Amino acid sequence: MNLSVPSKLFYVFCAIALLFCPSVGPAWAGQNGTLTPKSLAAALAMHPTGAAATDLAGQIRDWFGAGALTKGPAAKIQGLTVAWAIEAPGASSAPYVISRDTPFYRTLQRIPGTEVYAYATTLENGARQDYTYSIDGKSMGGGHFEIYSVDPDSIVKPGVPQGKVTQMPKWHSHVFEGTERNWWVYVPAQYKPESPACVMIYQDGGGYVRNVPTVFDNLIAKGEMPVTVGIFIDPGTFTANGQSDRSFEYDTLSDQYARFLLEEILPEVEKTTKLRHDPASRALAGLSSGGICSFTAAWERPEQFSKVLSWIGSFTNIASGKTVREGGHNYEALIRKTPPKPIRVFLQDGDHDLDNANGNWPLANQQMAKSLAFAHYDYKFAFGHGSHSPSHGYSILPESLRWLWRGYKAE
């Protein structure tokens, strides 16, 4: 067979490609040499056969774990792309993955020459699934997930000045007698001693101290929130027996936690860092019981705190007390029956949040939102499909802070 010069060059190129790329598989791998959900989706779209299929099946086993792969492993997630895989020896038909709580059903694709099946797809932002695998009508394994896009302002950016986080000595409280707690203080790079800073206090602070300062850095640098000191405080534990005081401190409807902040924590921070004292310059944040705690402190002392960020807030009857009706579920009526207080509130929750003897969290947060609307509060409610998890809250944290601090003017 006589070949033209272009044809000869084409075959030479293919031979070189096969020499240096003997298997298609590595082209599907991520930067660390392993599969990713996105690269698996691309691989499956190529419908590999022969050695390439065998190589892909081997990579899937390595990625999910050979032992786990036969039991219906948890999905792999990359951004909004989700990948499922299972090894099903002897299956009479292709296994499928099905969501228990959303209309989602997908047949897994068999890797030719193997008994490994896989599927990958991109879902919408905020998707949640409680899923299982089905093999010949029998359910196996599975799991659940929530997926969210990442706001660019949640990521460290080159050239953006970074504040400093300092872990403070354990705090021994007098307001909550007999307790001690861990706490941290973040001071932004733009802070100047001659200009007192705003302050935002996070309850359950240890859960936020790694991620929130990055968002503060980015928003402060862009002028989308003022120069703000962050205080991250854990709930107390009793020094005598190590028991947590969290529920008492956070779920009780009283001014005790507000006094703890005003009489102990803020004065201690001001020994080294000057803070503003006007309520417009002070915000509180937390999740679950930390969310209702933040609202309670502002509700009790609105002349001191005017902004609240609550994720999956426990506006339920946890602190039921002796009367069995002393808990946070009362806020729905209190807000409606009390003259409006100068508090701005951002609420977040999901329709798969908790439902137990203390109450139903999704309904409680919807009632809070309706009560705030009825009483003409400045509020925003982000309601999604998530569970009792901070995932949704973190995904919208920059948006939440922009809204909370919008139009800021010191009083």
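The following legends describe close-up views of a predicted model.

In this predicted model, local features need pLDDT of at least 70 and side-chain atom pairs count only at pLDDT 80 or more, whereas totals for chains, interfaces and linings use all residues. Residues are numbered from 1 along each chain as its sequence is written, and side-chain values use heavy atoms, with hydrogens and water left out.

**View A. The open sheet of four strands.** The strands follow the order β1-β2-β6-β5, with antiparallel pairing. Strands (E, at least two residues) and helices (H or I, at least four) are DSSP runs numbered from the N terminus, and two strands pair if DSSP finds at least two bridges between them. β1 (76–78) and β5 (109–110) are the edge strands, each pairing on one side only.

**View B. Strands β2 and β6.** Antiparallel strands β2 (residues 81–87) and β6 (residues 116–122) are joined by seven bridges. Opposite Tyr119 in β6 stands Trp84.

**View C. Helix α3 and the strands.** Helix α3 (residues 50–64) lies across β1, β2 and β6, at about 105 degrees to β2. Such angles run from 0 to 180 degrees between N-to-C directions, with axes fitted to C-alpha atoms, for helices over the stretch in contact (heavy atoms within 4.5 Å).

**View D. Ser395 in helix α11.** Helix α11 spans residues 391–395. Ser395 counts as buried because its relative accessibility is 16%; buried means under 20% relative accessible area, exposed over 50% and partly exposed in between (1.4 Å probe, protein chains only). The side chain of Ser395 reaches the backbone oxygen of His392 at 2.7 Å. Leaving aside residues up to four places away in sequence, Ser395 touches Tyr148, Ser149 and Asp151.

Technical notes
Polar contact = N/O pair within 3.5 Å; in protein donor to acceptor, adjacent residues only side chain to side chain.
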